[in-house]
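Here are some notes for a colleague who is meeting this structure for the first time. Please keep the sequence and the model open while reading the points below.

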Amino acid sequence: MWNERIAEFEENKNSESELKTQDSKKIVAEFSEHYAPNRSEKLDSIPIGIIKAFKELRTIDKDVHEKYVTLIFTKLYAEHLQCCHQSYIIENFPRKASEYDFDKLTMVNEFAFMSGYLDKSNLPEIWTSGIIEKWLSENQRLLKYEPIGKYNQQIKTISKKIANGDYWDN
């Protein structure tokens, strides 16, 4: 009898975990695919519940987490270039690493976790939305996901126009 109750508990626990996994994937996928940053919008406009789903997903399905964090940052940078022809600061880091909350629910921390770019003992002064270019150049397999590839192509096209001076009056 006792073993049956333990087995039932384990079965329910596993079902809840699987449901939570599917919920996190669905929430993150829907949000990321519909995310449309507006002009110089910052990442802090992303609801905390969405960031919690990203954080859960990083331990459940690393590949899905990576794909959708990349999509968010690619869309954001493409929008910054499209609207304003420049990247924007997405994080100002304190001088002392001990003053930065590495566990805070932010998209920057999700990107830092995913990329490994944040050296906890030697923080950079800032990160700009353009940091996604480095990530994409090192992880070109992500460009196979059509939305990331599409926004990356936008970034390249706009960057070329910026370099050519197309947006400035002569």
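1. What does the accessible surface of the protein chain come to, and what percentage of it belongs to carbon and sulfur atoms? The accessible surface is about 10700 Å², and 47% of it belongs to carbon and sulfur atoms, with areas taken from the Shrake-Rupley method with a 1.4 Å probe, where for residues only the protein chains shown count as cover.

2. This is a predicted model, in which local features need pLDDT of at least 70 and side-chain atom pairs count only at pLDDT 80 or more, while totals for chains, interfaces and linings use all residues. Residues are numbered from 1 along each chain as its sequence is written, and side-chain values use heavy atoms, with hydrogens and water left out.

3. The protein chain has 6 helices and 2 strands, which are DSSP runs numbered from the N terminus (helices H or I, at least four residues; strands E, at least two). Read from the N terminus on, the order of elements is α-α-α-β-α-β-α-α. Among contacts (heavy atoms within 4.5 Å) between residues at least 6 apart in sequence, 69% join residues at least 24 apart.

4. Buried residues make up 41% of the 170 residues in the protein chain, where buried means under 20% relative accessible area, exposed over 50% and partly exposed in between (1.4 Å probe, protein chains only). Helix α3 is largely enclosed by the rest of the structure, because 18 of its 23 residues are buried.

5. Helix α3 covers residues 62–84 and reaches 33 Å from its first C-alpha to its last, close to the 33 Å expected when 1.5 Å is multiplied by one less than the number of residues. The helix is followed by H85, whose phi is positive, near 60°.

6. Leaving aside residues up to four places away in sequence, I72 touches F31, S32, Y35, L43, I46, F54 and M107.

7. The count comes to 1 disulfide, taking a disulfide as a pair of cysteine sulfur atoms within 2.5 Å. C83 and C84 form this link, with their sulfur atoms 2.2 Å apart, and the link is left-handed, with -85° about the S-S bond. C83 is buried, with a relative accessible area of 17%.
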